[in-house]
Amino acid sequence: MDWAKWRLVPQNERRECLDGFETLAAQLDAVQSQGKGSHYWCQVNGQKADLGLMVLRETLDQLQEVETSLEKLRLSDYLVPTISCVSVTEVGLYSGKPTTDRGWSYVNASLHPKTPDKPYICFYPMSKTRVPGANWYTLPYDQRKAYMHDHGKIGRSYAGKVSIILTGSIGLDDYEWGVTLFADDPVQFKKIVTELRYIEASSIYGEFPYFLVGTKTDPERIDKLLTDQMGQ
Amino acid sequence: MDWAKWRLVPQNERRECLDGFETLAAQLDAVQSQGKGSHYWCQVNGQKADLGLMVLRETLDQLQEVETSLEKLRLSDYLVPTISCVSVTEVGLYSGKPTTDRGWSYVNASLHPKTPDKPYICFYPMSKTRVPGANWYTLPYDQRKAYMHDHGKIGRSYAGKVSIILTGSIGLDDYEWGVTLFADDPVQFKKIVTELRYIEASSIYGEFPYFLVGTKTDPERIDKLLTDQMGQ
Amino acid sequence: MDWAKWRLVPQNERRECLDGFETLAAQLDAVQSQGKGSHYWCQVNGQKADLGLMVLRETLDQLQEVETSLEKLRLSDYLVPTISCVSVTEVGLYSGKPTTDRGWSYVNASLHPKTPDKPYICFYPMSKTRVPGANWYTLPYDQRKAYMHDHGKIGRSYAGKVSIILTGSIGLDDYEWGVTLFADDPVQFKKIVTELRYIEASSIYGEFPYFLVGTKTDPERIDKLLTDQMGQ
Amino acid sequence: MDWAKWRLVPQNERRECLDGFETLAAQLDAVQSQGKGSHYWCQVNGQKADLGLMVLRETLDQLQEVETSLEKLRLSDYLVPTISCVSVTEVGLYSGKPTTDRGWSYVNASLHPKTPDKPYICFYPMSKTRVPGANWYTLPYDQRKAYMHDHGKIGRSYAGKVSIILTGSIGLDDYEWGVTLFADDPVQFKKIVTELRYIEASSIYGEFPYFLVGTKTDPERIDKLLTDQMGQ
Amino acid sequence: MDWAKWRLVPQNERRECLDGFETLAAQLDAVQSQGKGSHYWCQVNGQKADLGLMVLRETLDQLQEVETSLEKLRLSDYLVPTISCVSVTEVGLYSGKPTTDRGWSYVNASLHPKTPDKPYICFYPMSKTRVPGANWYTLPYDQRKAYMHDHGKIGRSYAGKVSIILTGSIGLDDYEWGVTLFADDPVQFKKIVTELRYIEASSIYGEFPYFLVGTKTDPERIDKLLTDQMGQ
């Protein structure tokens, strides 16, 4: 948010900008309530960004459409794009084909995730190392499977505390995966990431260029954020 | 695209900017229909860029000319240059001289590629590693040939699904090669890049600084993109 | 601080900006005097930044609130955000559960630190290395404990000279820890960091991307800094 | 070039800017025709820059003077500085003292090079690696000499096709050398850099942070570039 | 220097800006002539910066004061800060306590250096490597001492040709040391840095992120630089 520029906008124009934003937000909500996608608005902690939006759609075209609509918002004239990540949902390479209904429903949930209703979000991209002495991609399949099994066990031990949406961005964006965590208590992000860091899949083979933490918000609160204490 | 600056441009001036752009676009089309070059307009996914253009020309001078014409467009006053890559088409070092007509026509196609009519594009630069323990350039020729053979086999197995234009930029730009993939389904980009990443030519010896994914577009749709829902 | 932009602000508007800033500063002071948080204003040395603020709060939401209030200050229109770090206080992984009252009060102080009243501050983020041949996270627990013991011993030998607030930012920000030192003499920062650099926990396993040094200040002095010798 | 800003300049002011530029360019030409220096104007390919200037002078002060004159040009208000490199010409460390007249004239040419009259230019900075397992500076002199001999042999095999000006920038700029190639055909840049990359001096011990390629131009063509199709 | 912005400043305002600058410069001179500090103005070569200032003071507070005064100069509205480094003078760790008067006076000169009256300056930050296989900080003291002895010998062999001010910035700024060289001939910078690069303390254990070279100047010449050929 370019607060200085936004502050100069007259009250009635600000309202128009926010009305446009809320119309778009309502469209996203409509898509979500029809089960055709999902999204999550957040206020980002620290100086990396002010606002974040995670959008899940069935096709890249739908995603592009949302992106274009956002860019065309008059409100966007006062936003400064910082970080983005394009990725697709995936089922783990090491899970095998499900053999039970519960297995299939798990796969379905992985491929068509919904952003959970938890108040805190943590996003980080991840790649596997490919340096001499620590090359994930030259490990035998079984070794990688064993490592990912340990990894998955820790992930599952946080069930109820941390929800995870794992997406693949290899060939689509700069890093290989995008990890999005959701929790009721942000300290859980620190706990799970710390615990994972001590197992081989992460300690030896994980690269984590940056982390973003945010707080869930919604259009109404964003409206309030952008109008309260802004003078005039 | 600097949307905020563009929004302030009066309707009739916007039209003039777009007319200039469309004249240039028509010139590119003319060159293409005369078989003297080829190009591909795309809308880039994510916040890295809005629009992309890949241009193939027979000489660096022709390329420079296109670049200069683009920069002089009035529309360019509202575009922010982000990423560029200069490279030349090449035939693989490991293929040997063709011995059949079909071989020669393959070489010809490699040296004078045309951008295919597929709706999705993926571009990534690539260099070969030169670190102790993983130095592509000190490998014996036969070893490199074997590695590239495995690499080519995967590439060919995507025939019909993914079209590839490989260009060399060593000595011309920061990375050694430019890889451009085209597909009917963007998930194929993730699939082929993942599959390639597990073979030595990539796992040990490939460096991939960034990836761009986009959707094919054309001047008419760019016009629409820049005028629809932009007020006035 | 964008001094050029600030210089153009008329005297009376400058006063309004500073009044807003001082109201917020007084709120921070009130929170501090109620024992519900703590903070430290500083003037940063060198060209990395002009002003710095360290804020300790019990929840991420309270931290977010402070951040938002700061961003909404009219004065912030003349500030340029540079570096930020989000982290939580923690007790060392290697200390074990305290067995004495003194031990518990030490833990309490670590978890609920107060910024000390010392005139110099030094902040640096830190991560543990995870490269082949120097991977902190694959070391056995006892080895890490022994290394941290040596580390702690040096830290304690500076008691009285250097106060330390250690916070964890793994999973919350780009680096794994944030280290904040406070001293009566800034040369002590150089001394302790140098001494620490020769022991394994730092020499082999520490990564230190940047260092910031500053001088304690307060709202009154910031007011003076922003008004003295600024013309009009 | 900030084309958007330049476009707003009225015709007559543009002329004044260009007249100032051409006066300076004529001064450079005069110095060159007096044999007291040499320079090369180019149009840079890709989005890294629009215009480039390589200037050779006998002293750092003369170089500084040219730089200052350039910065003070009114035209420079519309140029955005991107990349620069300060270096001095040198004779190879491994050539020994010349023993023939031809040898001395070669040394002289290396120390007082003239930019050749070739239409394409390629510039890249270079450093020698100093990592464990590939440290140029700990190799014995004879080993380095042998490696540079192989390197020089390839360089000489391009005689007539590629002219090389090698300058040293160790202690003066961020990288250790600056390599400038000139050719009648830009594909030669790709060929020579590729061939060199397979020999040890480059494959193991060379670091090449970036490459710039450009086309020779002159003040008259720059004038045309900046006035043609720029409206008004 | 933002020359474009400066050019727009009316003649009389430029004079006011320069008068303010010269008042500050005179204050610095006064401090220097009282033996309470030292400084060096330079014009930086290449596009990294236009002007540089090295200031030596006895306390961080005095340094901060100079920095603040500089930032508040009206002239600073037309300067763009680029690179800064905060450090303290130090005596080598390996020299031992002096045993002679000459030794003590050497130590005194190292701790309270004066910028010498030489026309060229070279500044570079430096850190010691801490990677597996080349970790300065895990070397035994005697080994480091021997390496630094070789290093010092080369430094001393340039006595009269190159003056050195070595300052420590570990714990104060991003790199561990700041090296400032002064010479009558800038080629000496290239010579000494090259010679040093072949000995272990630098070849194996030195990291040199960037180099700056400049020419000594003074307020009068800066005034001339900023007014000559600037129109009006």
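In chain C, the helices α2(C) and α8(C) are in contact: C:Arg15, C:Leu18, C:Phe21, C:Glu22 and C:Ala25 from α2(C) meet C:Pro219, C:Ile222, C:Asp223, C:Leu226 and C:Thr227 from α8(C). By class, the residues of this contact comprise six nonpolar, one polar and three charged. The model is predicted.

Helix α2 of chain C spans residues 11-33, and helix α8 of chain C spans residues 219-227. Their axes come within 10 Å. The crossing angle is roughly 165°. Because angles over 145 degrees count as roughly antiparallel, α2(C) is roughly antiparallel to α8(C). The crossing of α2(C) past α8(C) is right-handed.

The next contact lies between chains. Chain C contributes 32 residues to its contact with chain A, and chain A contributes 39 residues. The size of an interface is often given as the accessible area lost when the parts come together. Between chain C and chain A, the buried area is about 3,100 Å². Carbon and sulfur atoms give 53% of that area. Four salt bridges are found across the interface of chain C and chain A. In one salt bridge, the side chain of C:Asp173 meets that of A:Lys48, with an N to O distance of 2.9 Å.

Chain C has no such contact with chain B or chain D. Chain B and chain C do not touch. The nearest C-alpha atoms of chain B and chain C are 12 Å apart. Likewise, no contact joins chain C and chain D. For chain C and chain D, the closest C-alpha atoms lie 12 Å apart.

The area buried between chain D and chain E is about 3,100 Å². Of this area, 53% comes from carbon and sulfur atoms. On the chain D side, D:Lys72, D:Arg130 and D:Ile170 lose the most area to chain E. Together these residues account for 21% of what that side buries. The number of salt bridges between chain D and chain E is four. A salt bridge also joins the side chains of E:Arg197 and D:Glu176, at 2.6 Å from N to O.

Note on methods. Residues are numbered from 1 along each chain as its sequence is written. Chains are lettered from A and ligands numbered from 1 in the order in which they are written. This is a predicted model: local features need pLDDT of at least 70, side-chain atom pairs count only at pLDDT 80 or more; totals for chains, interfaces and linings use all residues. Side-chain values use heavy atoms; hydrogens and water are left out. Axes are lines fitted to C-alpha atoms, for helices over the stretch in contact, and angles run from 0 to 180 degrees between N-to-C directions. Helices (H or I, at least four residues) and strands (E, at least two) are DSSP runs, numbered from the N terminus. Angles under 35 degrees count as roughly parallel, over 145 as roughly antiparallel, 65 to 115 as roughly perpendicular and the rest as oblique. A crossing is left-handed if the near helix is turned anticlockwise from the far one by less than a right angle, and right-handed if clockwise. Contact means heavy atoms within 4.5 Å. Ala, Val, Leu, Ile, Met, Phe, Trp, Tyr, Cys and Pro count as nonpolar, Asp, Glu, Lys and Arg as charged, and the others, Gly among them, as polar. Buried area is the accessible area (1.4 Å probe) that two parts lose on being put together, summed over both.
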